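Please look over the sequence and the structure shown below before reading on.

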Amino acid sequence: MEVLVELQQVTKIYDSGAESPALDGVSLTIPTGRFTAVMGPSGSGKSTLLNLIAGLDRPTRGSVLVDGVEINRFGEAALARYRRARVGLIFQFFNLLDNLTALDNVIIPAQLSGVKRREAIDRARMLLQQLGLAGAERSYPARLSGGQRQRVAVARALINRPPLLLADEPTGALDSHSGEQVLDLLRDLNRSGQTVVLVTHDGGLARQYGDQVITLEDGAVARPGLTALGAAQ
Amino acid sequence: MTAVRSKLLADVRRRRLQAGVVLFVVLLSSAAATLGVSLAVETTAPYDQAFARAHGPHLALTFDASKVSPMRLAGNSGRRRVVATSGPWPGMSTVIARSGPGGSTSQLGVNTMLVGRRNPQTSVDRLTIESGHWPGSKSEIALSQSIADDIGAGLGTGITLPTARGHRLFRVSAIAASVSPVAGAWVQPRVIRGLTTRQTPLEYLMLYRVSPARTASQLRAATQQIAARLPAGSVVGTSDYLSVKRDADVLTSVMIPFLLAFAVFALLASVLIVTNIISGLVLTGYRDIGLMKAIGFTPNQVVAVILGQVLGPALLGAAAGAGLGTLAARPFLQNTAHALGLPTPSTATLPVDAGVVGLILVVVIVAGLGPAWRAGRLAAIAAITKGQAPAGRRASVIGRLVGRAPLIPPLSLGLETALVRPARSMMTLAAIVVGVASIVFALDLHLSLGQVAAHLDRSKYVQLELNVPTGPLPAGLSKLKGGFTPPPPPSRTRILRALKTTPGIARYVSESQSSPLVPGIAEPVTYFGYDRPSSWLGYALISGRWFRRPGEVVAPTRLLTQAHLHVGSLVTLHLHGRAMRVRIVGEILDQSANDMLFRGAWRTERRLDPTAKLDDYEIQVRPGSNPSTVGEQLGQSIAPHGFTPFSIDVRGGADVGFLLLNGIIASLAAILIAIALAGIFATVILSTREKGREIAILKAVGMPPAQVVAMVMTSAAILGILAGPVGLPIGTQLHRQVIQIMGQAASSTRIPPSFFNLIPMPVLVSLGATGAVLAIAGAWLPAQWASSAPVAEILQAE
Ligand SMILES: Nc1ncnc2c1ncn2[C@@H]1O[C@H](COP(=O)(O)OP(=O)(O)O)[C@@H](O)[C@H]1O
Ligand SMILES: [Mg+2]
């Protein structure tokens with residue numbers, strides 16, 4: 001089993017409110033091609049963990065290895081390149097740019113990577129079509145439903161074909177039906193080979209979708225191991 | 001109201017940066033305004049004030065000592081119009097020079113009146129001792145500030161009087177300032193008698209305060225009354241304070257137009273910036289405003305919270321700025337006094353400071369009231385749910401347009417930032433325009449004033465002036481005590497031979513003066529006649545050309561205006577019953593002789609005034625030659641054995657007044673540039689705060705820091721690039737207007753066209769780029785902050 005991401009003794013202490021670390025000596029691995037679910041109550045450090053893997057933040061101690069490379073040693077520019085090429089990010093509140101159309105939102109990471117606009121648009125159209133958003137290309141985010149917006153965000157996360165897809169409570173702002181659609185989409189992607197990390201406070205969802213479930217409690221890994229589903233494979 | 005106060009304090013704390021910018025901008029514009037206004041106020045009447053303090057003389061009369069005794073003069077002071085007098089003091093006209101190396105006598109020096117005066121504190125004309133002590137011994141001399149500046153003397157400098165008897169050496173014991181420029185140097189009274197010669201005989205100086213003394217004709221009447229009881233011809237010189245006052249007021253009237261221009265600029269810029277910041281506070285605080293209203297703040301309380309956030313820092317800044325401006329004004333006022341040879345004024349500026357602070361607060365309130373009031377009216381729910389100011393439909397249209405533009409993403413996103421808030425962008429643009437216009441204005445002004453100074457001072461054109469004292473010898477002078485007979489002045493042939501043979505002289509021309517009458521002007525004007533080509537003398541042409549043949553003259557604007565003449569007119573000059581018709585061929589910038597003068601051919605003048613003598617010589621040295629050396633050589637060549645009654649003045653040296661103006665222009669321009677920078681800084685901070693989430697998203701999906709910086713800079717640089725072409729013409733036009741007003745105010749002169757458009761085209765074009773430079777400089781820090789701001793937290797927030 002190939003390891004894509006490995007955390008070694010990662011501790012994160014925020015500058016403000018530093019009475020206890022957000023993450024405290026966390027070690028774990030995320031295998032390539034798996035659907036890893038990170039669960040735990042609110043404030044347990046799930047988002048912190050995801051941000052460290054995404055290169056949005058740096059650990060106070062310990063290292064984050066992606067493909068064996070310590071990304072916590074990267075400079076800002078290298079981290080930006082890493083995020084652009086290797087990671088797709090999905091957030092609870094979509095984080096689309098309101099003044100760009102769905103299509104223009106999707107192509108941003110491609111353009112940042114220097115892909116020609118023409119080619120980026122072709123790729124984005126294809127993605128949006130696959131995600132059932134063929135008619136929404138030219139709509140602004142404000143005109144789309146929550147589920148649609150989150151699918152646009154998924155398209156944006158995938159446009160550079162990153163090896164790692166990270167989702168932080170992607171269903172938190174959606175009704176249950178739309179939420180299910182988005183998670184099914186993530187599972188389909190995983191089945192076609194995409195490594196996915198899903199963060200959720202909902203243990204049911206974590207167990208339903210994840211083939212590896214990591215539980216965080218007060219910044220530490222509570223019960224590392226495989227779920228029944230993962231074990232069965 | 002305590003709710004308002006605690007919310008206010010919390011907001012100020014949270015928005016320290018904006019508060020800081022408001023403080024900084026208001027401080028600078030308050031400093032600029034205070035500097036400008038206090039200079040304008042204090043220098044409105046620098047002469048009047050100094051004159052009142054020194055109990056200055058309205059009239060200074062010099063008397064022929066061979067015609068009238070000091071006793072008689074003192075007894076004559078009870079005339080009806082005379083209020084107070086000082087003197088009579090013995091004196092003489094003389095050349096004052098620094099002693100050469102090894103005690104040799106230098107022929108270079110300046111002509112002035114040397115006065116024997118026991119005491120600097122007299123009832124009229126109280127002198128201010130700027131440094132040193134009043135001459136006590138026979139070898140001590142006090143110099144006026146301007147004479148000391150002219151010959152480069154300070155305390156302790158050795159002084160000789162080359163045209164006086166007895167090769168005496170003096171030491172400068174004091175530098176003193178007098179409101180009356182008649183006396184340039186003082187010694188103890190008993191020293192004078194040993195110095196007089198036939199050409200420079202003993203005179204008495206007497207100073208009068210008279211009443212009434214407001215107009216020239218009142219002063220003339222008083223002079224006549226004083227002279228009436230004295231023997232005919234005993235008054236040999238008169239000087240009244242009005243002509244001195246006029247010269248002193250010139251500097252002032254020159255300064256006020258541009259001081260006010262700068263002050264208005266500064267206030268304008270700060271209005272724009274403060275308005276921008278307040279609108280920004282409202283825009284980024286919509287959610288806050290909604291919450292305040294939801295929990296029961298009234299609209300007025302909301303307005304109070306918003307305005308208060310700016311008023312506090314503004315009040316602080318205005319007060320601190322007024323203090324700084326007052327401090328900064330002091331050296332300038334000292335220099336102004338110095339340039340005018342007046343004692344340093346005290347700076348009583350409380351009313352100015354209070355006025356400026358008040359004005360600025362009003363301006364800030366007016367600037368902030370609009371956006372604050374709109375915020376107060378806002379519906380609570382709309383504000384809360386929006387959380388952020390609606391950018392309007394325009395944003396999406398622009399977003400689409402820009403999104404389609406074939407630009408790399410950071411540039412197009414930056415462009416979009418500049419366009420979505422047109423009002424803010426316009427105000428920022430205006431602030432940059434003010435910055436660019438100030439730079440252009442200041443540079444233009446500097447160059448034009450350089451031209452004005454060069455052509456008024458003419459030391460680029462004429463470095464040496466040779467003067468041979470002539471005129472009828474007063475009767476009885478041959479009987480001077482001690483039987484001393486000075487040598488006769490050098491002959492004209494001798495001078496001409498010396499001028500031709502002295503190396504280092506490029507050109508020369510001799511000059512004579514007479515005083516014809518012109519129809520339409522009550523007083524005689526001065527006619528300067530030249531015997532050789534003279535167009536190189538450095539008088540700048542306003543229109544027409546320099547005279548070429550007899551019968552042609554040039555004259556300054558003021559004379560032409562007063563006599564209703566213009567280039568091309570014919571005018572008849574009258575003198576002693578003779579008349580001569582001349583044609584005006586040129587209008588020149590010329591401030592000699594009260595601006596009431598003609599310059600023309602000597603042959604024309606001689607037909608009008610057969611007694612006119614060519615006794616002044618204007619000399620230009622070859623480039624690279626040292627004027628002092630050439631002057632010494634010329635003096636040697638005219639009088640190899642030294643000591644002949646003629647003088648050679650070396651002209652030039654930096655003009656204090658001009659340096660002073662440049663200093664003020666540079667300071668005010670620097671302040672305006674700083675204000676423009678602060679304006680850009682504030683706007684970019686506002687935009688990056690407002691777009692914080694957008695920037696965070698872009699960073700999250702992989703925009704590298706350099707591109708974030710580029711994106712933020714682009715939004716500012718676009719405005720900067722636009723500001724160039726707008727600011728350039730504003731700066732040059734304003735300069736043109738201000739220079740013209742200055743010319744009118746200073747001496748009713750028009751300005752030679754060659755004084756405009758002095759900035760070379762390539763420089764002007766690159767000045768156009770200063771807008772972009774300012775924008776990039778002002779956006780630099782906020783761009784860095786935006787690129788390094790943490791993103792994770794923002795991305796998880798709703
Ligand atoms: N930017 C931050 N600054 C300070 N403390 C933070 C920050 N982000 C998160 N925390 C704290 O770190 C802990 C973990 O937070 P987080 O990772 O967001 O948890 P979760 O996503 O599981 O709810 C919490 O106690 C939270 O308050
Ligand atoms: Mg979280």
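Contact, in this briefing, means heavy atoms within 4.5 Å. By that rule, the contact between the two chains takes 26 residues from chain A and 27 residues from chain B. The structure is a predicted model, in which local features need pLDDT of at least 70 and side-chain atom pairs count only at pLDDT 80 or more, while totals for chains, interfaces and linings use all residues, and side-chain values use heavy atoms, with hydrogens and water left out. Residues are numbered from 1 along each chain as its sequence is written, and chains are lettered from A and ligands numbered from 1 in the order in which they are written.

- The size of an interface is often given as the accessible area lost when the parts come together.
- Chain A and chain B bury about 2,400 Å² between them, and 58% of this is on carbon and sulfur atoms; buried area is the accessible area (1.4 Å probe) that two parts lose on being put together, summed over both.
- On the chain A side, A:Phe93, A:Asn99 and A:Leu112 lose the most area to chain B, and together they make up 23% of what that side buries.
- Helix H1 (46-54), helix H2 (76-86) and helix H3 (102-112) of chain A each supply at least two residues of the side that touches chain B, where helices (H or I, at least four residues) and strands (E, at least two) are DSSP runs numbered from the N terminus.
- Five residue pairs, with both residues at pLDDT 80 or more, are in polar contact between chain A and chain B; a polar contact is a pair of N or O atoms within 3.5 Å, and within protein one must be able to donate a hydrogen and the other to accept it, with residues adjacent in sequence counting only if both atoms are side-chain atoms.

**Salt bridges**

- Between chain A and chain B the count of salt bridges is zero, a salt bridge being a side-chain nitrogen of Lys or Arg within 4 Å of a carboxyl oxygen of Asp or Glu.
- Over all chains, a search of the whole structure finds 18 salt bridges.
- A salt bridge joins the side chains of A:Arg117 and A:Asp104, at 3.6 Å from N to O; A:Arg117 belongs to helix H4 (residues 117-130) of chain A and A:Asp104 to helix H3 of chain A, 13 residues apart.

**Sheets of chain A**

- An open sheet of four strands has the order S2-S1-S4-S5 in chain A, with antiparallel pairing; two strands pair if DSSP finds at least two bridges between them.
- Strand S2 (23-31) and strand S5 (69-70) of chain A are the edge strands, each pairing on one side only.
- Strand S1 (residues 3-12) and strand S4 (residues 61-66) of chain A pair in the antiparallel sense over five bridges, and A:Val5 has A:Val66 as its bridge partner in S4(A).
- Another open sheet of chain A has six strands in the order S6-S7-S8-S3-S9-S10, with mixed pairing.
- S6 and strand S10 (220-221) of chain A each have a single partner strand, so one side of each is left without a neighbour in the sheet.

**Ligand 1**

- Ligand 1 lies between chains A and B, and the residues around it (those with a heavy atom within 4 Å) include A:Tyr14, A:Pro41, A:Ser47 and B:Glu793.
- An oxygen atom of ligand 1 is 3.0 Å from a polar backbone atom of A:Gly45, and an oxygen atom of ligand 1 is 2.9 Å from an N or O atom in the side chain of A:Lys46.
- A polar side-chain atom of A:Thr48 lies 2.4 Å from an oxygen atom of ligand 1.

**Backbone details**

- Most residues other than glycine have a negative phi, and most peptide bonds are trans.
- The peptide bond from B:Ser211 to B:Pro212 is cis, with omega near -5 degrees, and B:Pro212 lies in the loop between strand S9 (203-210) and helix H7 (216-228) of chain B.
- A:Phe94 has a positive phi, near 60 degrees, and lies in the loop between strand S6 (87-90) and H3 of chain A.
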